[in-house]
Every structure is written in structure tokens, then in C-alpha cells.
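These are my notebook entries on one structure.

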Amino acid sequence: MSTRIAFLKGHGTENDFVIVPDPENVIDLSPTAVAALCDRRAGIGGDGLLHVVRSAAHPEARGMAAEAEWFMDYRNGDGSVSEMCGNGVRVFARYLQRAGHVAAGDIAVATRGGVKAVHLSKDGDVTVGMGKARLPEGDVNVTVGDRSWPARNVNMGNPHAVAFVDDLAQAGDLFAPPLFSPAAAYPDGVNVEFVVDRGPGHVAMRVHERGAGETRSCGTGACAVAVAAARRDGADPAGTGTHATYTVDVPGGTLVITERPDGQIEMTGPAVIVAEGEIDAEWLENAIR
């Protein structure tokens, strides 16, 4: 390992990430190393880590290399691997632009949730094609303390349970994962969104993300919330032939989610790079012992 490892720090609606450029996939980022880097007191700090790798250099992405040059090897803040991160994709694309790998316009990014179409607009916002939502059958409930709510099971390449509540404070502190049932609905855990209405086509949410706790924003969660809200409101673009668009307020800002008649979902929001520097390799080696 070299004595210095380049990194950047970025966020999308305050969902923040450590970014580690590693085009040839030569840096060993073990779960322990990722957790150390994402530690907010002893490390750099972040909800997750964006490992930037050429698709052809990563065994999980080689099959997507013909469609997308770059692979977002995303890790949660505790070091665990995740299928997708919507805010992360926007920040990942912004990094590629900053590094000169891509220009404004349309690009493709490989993820464990498939290849995502991304548009870098000249006004600074980034739009990500998030794919289609799956709505698994079966009743789901989530519980915080002595209160329970029915939740909508929505899969955006990763699992979500969306619960509509009267007040976002009812979600509690969200330090610990909310309980859910039945256990079989989410064998690998779940992201849980609590949602209130703000007006027509306008909702606000809080989220507990698997492996990260409460975060300031969750892109796939905002998409899941918009789909759940649309179905609750009787809107299904596949049936009506018209787009369904929801403004979703998160603690860190605002995202705009559109579900098209073909089922494809687009998410638009900001992506910001705030710093860059070098990780001391000796510190990292000591941190993971």
C-alpha cells in the first residue's frame, strides 16, 4: 500500500460519502477499513464510501464494462456492501466530471443494482435513472417503541419499508433499526422510511438506512416513498399513461422524483464535492488492526 491514498468528500442532499478513486482496483478496502474511514470522530466521516473503479477491473462489474466504463463499488458506513445508493450515484457522477473522466450530459454508471443512466445538467443538478420499482406482495409492519404502522414494501434494487405517519417525530431517534414483521419479508434487513404529507405531490421523510442509521437523505428511499405515495393516492403511471412526480423533502434538502408510464423512475437533485486530500496509509493500517 502506498504511503498516501487520494480521497474526496462529497454529499447529495447531505447524504455524505468518502470517495476513493481507484481505477485499477488495487486498493484493499476491507469492511474494517471502510468503517474506519467513515468514522465521524476517528476517521474522515461519511454515511458511506464510493470506491471508484473501472468496470473492467472489478470482478462484479466486468459484465457491465461494455455499457459503463465506471463501477460504483458502494459500501455502507459500517463497511457492509450495498446494491445501490441513489445519492451516491449522483455524487459519483459529479466526481467523474470533476476528474475529467466525463463531461456534462449523459453517462452510464455500473452498480450492483445494474447500469444507471445519469444526466449531468449544466445548472448543477444531476438526474439518475433509478430503474423500475418492484412492489412485493404481502403485508409488512414497522414498529418504533410501542407504536406500529403498516408499511409498503418497495424494492429499488435494495429493500424499503415505507410507513406513512402523522408526525415525523414518531419515528424516534432512529439510532437503532426499527423493528419489522414478518422477518421473511427482509431477510437481509431493510431501509425504513417514515413519511408525512406536505401538500399535493409533496411529502417529507426520515429514513433509517441499513448499515448507516439515520441519514440526512436516501435517494433510493425517496424513490420508494414517491412510488408508495403515488399508489396510496391512486396514481399508477402504467395505467394512466401520465407521469407521477413528487417533491420529497429530506432532512438534507429536496429531491424530485418522477415515475414514467414505462415504469422507469428518475431522481433529480444536487451533488457537491466539498474537499479532497490524502489518507495516511500508516494510519489506515493501524486503524484496521
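Which side chain meets that of Arg-232 in a salt bridge? I found Asp-197, at 2.8 Å from N to O. I counted a salt bridge where a side-chain nitrogen of Lys or Arg is within 4 Å of a carboxyl oxygen of Asp or Glu. Arg-232 belongs to helix α3 and Asp-197 to strand β12 (residues 191-199), so this pair ties together parts that are 35 residues apart in sequence. Helices (H or I, at least four residues) and strands (E, at least two) are DSSP runs, numbered from the N terminus.

I note the basis of these entries: the model is predicted, local features need pLDDT of at least 70, side-chain atom pairs count only at pLDDT 80 or more, and totals for chains, interfaces and linings use all residues. Residues are numbered from 1 along each chain as its sequence is written, and side-chain values use heavy atoms, with hydrogens and water left out.

I looked up the exposure of the pair: Arg-232 is partly exposed at 38% relative accessibility, and Asp-197 is partly exposed at 45%. For these terms, buried means under 20% relative accessible area, exposed over 50%, and partly exposed in between (1.4 Å probe, protein chains only). The count of salt bridges comes to 19. In another of them, Arg-54 and Glu-69 have their closest N and O atoms 2.2 Å apart. Arg-54 lies in strand β3 (residues 48-54) and Glu-69 in the loop between β3 and β4 (70-76), so the bridge ties together parts 15 residues apart in sequence. Arg-54 is partly exposed, at 26%, as is Glu-69, at 44%. I also recorded Arg-75 with Asp-73, at 2.8 Å from N to O; here Arg-75 is buried at 10% and Asp-73 is buried at 0%.

**Cores.** I took a nonpolar core as a set of buried Ala, Val, Leu, Ile, Met, Phe, Trp, Tyr and Cys residues joined through side-chain atoms within 4.5 Å. The largest has 51 residues, and Met-72, Met-205 and Ile-257 have the most contacts inside it. Helix α3 (residues 219-232) gives the most to this core, with nine residues. A second, separate core has 17 residues, among them Ala-161 and Leu-174.

I checked the length of α3: its 14 residues should span 20 Å at 1.5 Å a residue, and its end C-alpha atoms are 20 Å apart, which agrees. The expected span is 1.5 Å times one less than the number of residues. Twelve of the 14 residues are buried, so α3 is largely enclosed by the rest of the structure. Gly-234 follows α3 with a positive phi, near 80°. For α2 (residues 86-98), 13 residues should span 18 Å, and the end C-alpha atoms are 19 Å apart, which agrees. Eleven of the 13 residues of α2 are buried, so this helix too is largely enclosed by the rest of the structure. Just after α2, Gly-100 takes a positive phi of about 85°.

**Thr-111.** I found Thr-111 in strand β5 (residues 105-111), buried at a relative accessible area of 1%. A polar atom of its side chain lies 2.9 Å from the backbone nitrogen of Gly-113, and one lies 2.7 Å from the backbone oxygen of Gly-114.

Terms used: A polar contact is a pair of N or O atoms within 3.5 Å; within protein, one must be able to donate a hydrogen and the other to accept it, and residues adjacent in sequence count only if both atoms are side-chain atoms.
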